[in-house]
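Okay, thanks for having me, everyone. I'll take a few minutes on helix packing and then move to an interface.

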Amino acid sequence: MLSLSARPILSAFLPKPKPRRLLLLLRPRRSSASASALTPPTPRTTTPDPPEDADPTPLFLRPPTHPVPEASLAAFRRRAAALVPPSAPHLHRHLRWLLADASAPAPSGADPAAPHLLRAPLDELEALWLRHVRDRRPFQYVVGNEHWKDLVVAVRDGVLIPRPETETVVDMVAAVEGFQDGWWADLGTGSGAIAVAVARMLGPGGRVFATDVSEVAVEVARLNVQRYGVQDKVEIRRGSWFEPLEDVKGKLMGVISNPPYIPTDDLPGLQPEVGWHEPKLALDGGKDGLDHLLHLCEGLSSALMPGGFFVFETNGNKQSEFLVDFISTKWSSSFCDVEAVLDFADIKRFVRGYRR
Amino acid sequence: MAARALLLRATARCCSPLHSPTAAPRLHPRLRSHAAAAAPQLRFPALSFSASAASTSSHGPSGGDAGEGEDDKGAYENYLGMSDDELMAQCDMGTFKSSGPGGQHRNKRESAVRLRHHPTGIVAQAVEDRSQHKNRSSALSRLRTLIALKVRRPINLDNYTPPVELLQILPLKSTIRSKDVGSQIGPNNPKFSPGMQALLDLLFAVEGSVSEAAKILGLSTGALSRLILSDDSLRAAANELRASKGLKPLR
């Protein structure tokens, strides 16, 4: 630990000798690693990040058992800040947040000279930081959480990081008359963010059935449900879309989903944090991006009770317009008040409506 | 302090038409014309005042008291008396750098929020927090401060009584301040904004004269100057107003 603090400042351009463990993590993983940080090279064809962290517990939830002297921490802070390119000033903010999430809250009246307690050894933090800055691994995977609505949602590799746009879905649920005591389905729940946020608003009769086909998603969603103590309101079921919900068919007050909707051809152009690291399973919507959305529409009328509500997130304007048109013409007898809803950037991000 | 400084920077960048030295007087007729044009559809927030504002009416829409010479005061919206939801309904929200397809396409942890208040054109933003949710509420409280600083409502000095929000921010030694007004509210309290707005309204009505305003508020000129100087954004707004009247800045 002490030897680390004495190391010269790392530079993005002049790699210094490092312990073998770091070297292993620093090995370029793409032939295109030298390309500009702003031009996304072809995404890796392998699955997103293999689980490098020996400990699957998100960093911010690990016990703070690693004492680090103030001087070492300050030296780390300097080395880490020196890696931030001028083109990415927001990374300084991430560094602050990383240290906040990795530190135990200082007890009041603590001796300022006492060593800091970190949730991971300093060399591990250093490796995590490098992978964020150089490999564009999403910051949320580094610390293991995303601040979403008033929640701190645990995430890890293999599960989609909840987006700020999706917060609106929860508000739309809250606007449905009598939502508190209804049964709701969150299909493709991922981290469980929507399911937990909805569950927290429900009354005694309310329930959320959250499904996901991914085992990692189911695990992470369980963790989030537990962390917010809504086990009695959220039931997580593993399976594809409506499949695990045969027994509640026709009884649902609402169906919510943020399914994969990005057209396959757009995947290579995604921001590296997304395209290189987030699960394709949660992003790839097929040729037009509509594969899963259409499947969801097909299942709606038998899943919802009469008068039931649905809302889906989409890729934006064109997809939303198409779906509104499609549902209102093909199933005009089954649905009403079908409309596209804008997100905060004025993109038609959501499609919602009611079963007749 | 840092937050206030940021706020003023945001104002300078986003509201430049309102920010030129002569802008304060110009905002007034602009608001008037807006209010007149929109009068038929105006929602009068008096109906849903939050508890903190409900006790005051001296500058709010005056309802049915048309006979009291309150003339057109009712045409001025009391934005700061609106609830967060009502105020939000008058705003456009965009991310600071809103671009690209968004949604699943994008990973953006900064969660910057930018609110544009339609009736006044004022823009407020917040980027500091990790949650967009929290940034939205800080942008909203910043918007309230900006409205207080930028939106001037006319005062009829002949029958002027300072509203209670203004009394609340005055030092206890003010001779027009009765005991039941309670303790003095400082710049860090969210209720400071409505008081600050009323103080600037008064200062505007007396052509920027601090001694004149101090007389009306039962304070010495020095005491009122100290109050104005106690908050950076209030001082800046007061000095801008004084500059537009050809007066020297307070220091």
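Let me start with handedness: a crossing is called right-handed if the near helix is turned clockwise from the far one by less than a right angle, and left-handed if anticlockwise. Keep in mind that what's on the screen is a predicted model.

So, first pair. In chain A, take helix α3, residues 70-82, and helix α4(A): their axes come within 10 Å and cross at roughly 150°. An angle over 145 degrees counts as roughly antiparallel, and that makes α3(A) roughly antiparallel to α4(A). As for the hand, the crossing of α3(A) and α4(A) is right-handed. Who's touching whom? On the α3(A) side you've got A:L73, A:F76, A:R77, A:A80 and A:A81, and they meet A:H92, A:L95 and A:L99 of α4(A). Sorted by class, this α3(A) and α4(A) contact comes out as six nonpolar residues, one polar and one charged.

Now stay with α4(A), residues 90-102, and look at helix α5(A), residues 122-133. Here the axes come within 12 Å, and again the crossing is at roughly 150°. α4(A) and α5(A) are therefore roughly antiparallel to each other, and their crossing is right-handed. From α4(A), the residues in contact are A:L91, A:H94, A:L95, A:L98, A:L99 and A:A102, while α5(A) brings A:L125, A:W129, A:H132 and A:V133. This contact of α4(A) with α5(A) has eight nonpolar residues, two polar and no charged ones. If you were keeping track, A:L95 and A:L99 were also on the α3(A) list.

Okay, over to chain B. At what angle do α6(B) and α8(B) pack? Helix α6(B), residues 132-150, and helix α8(B), residues 192-205, sit at about 10°, with their axes 7 Å apart. That makes α6(B) roughly parallel to α8(B). The touching residues are B:R144, B:T145, B:I147, B:A148 and B:L149 from α6(B), plus B:S193, B:M196, B:Q197 and B:L200 from α8(B).

Last bit: how the chains meet. On the chain A side 38 residues are in contact with 22 residues of chain B. Between them the two chains bury about 2,500 Å², with 45% of it on carbon and sulfur atoms. Which residues of chain A lose the most area to chain B? Those are A:W97, A:H147 and A:F344, together 26% of what that side buries.

And the salt bridges? The rule finds two across the interface of chain A and chain B. There's also a salt bridge between A:D101 and B:R130, where the closest N and O atoms are 2.6 Å apart.

Key: Residues numbered from 1 in each chain as written. Chains lettered and ligands numbered in written order. Predicted model: local features only at pLDDT ≥ 70, side-chain atom pairs only at ≥ 80, totals over all residues. Heavy atoms only, no water. Axes fitted to C-alpha atoms, helices over the stretch in contact; angles between N-to-C directions. Helix = DSSP H or I, 4+ residues; strand = E, 2+ residues; numbered from the N terminus. Parallel < 35°, antiparallel > 145°, perpendicular 65-115°, else oblique. Contact = heavy atoms within 4.5 Å. Nonpolar A, V, L, I, M, F, W, Y, C, P; charged D, E, K, R; others polar. Buried area = accessible area lost by both parts, 1.4 Å probe. Salt bridge = Lys/Arg side-chain N within 4 Å of Asp/Glu carboxyl O.
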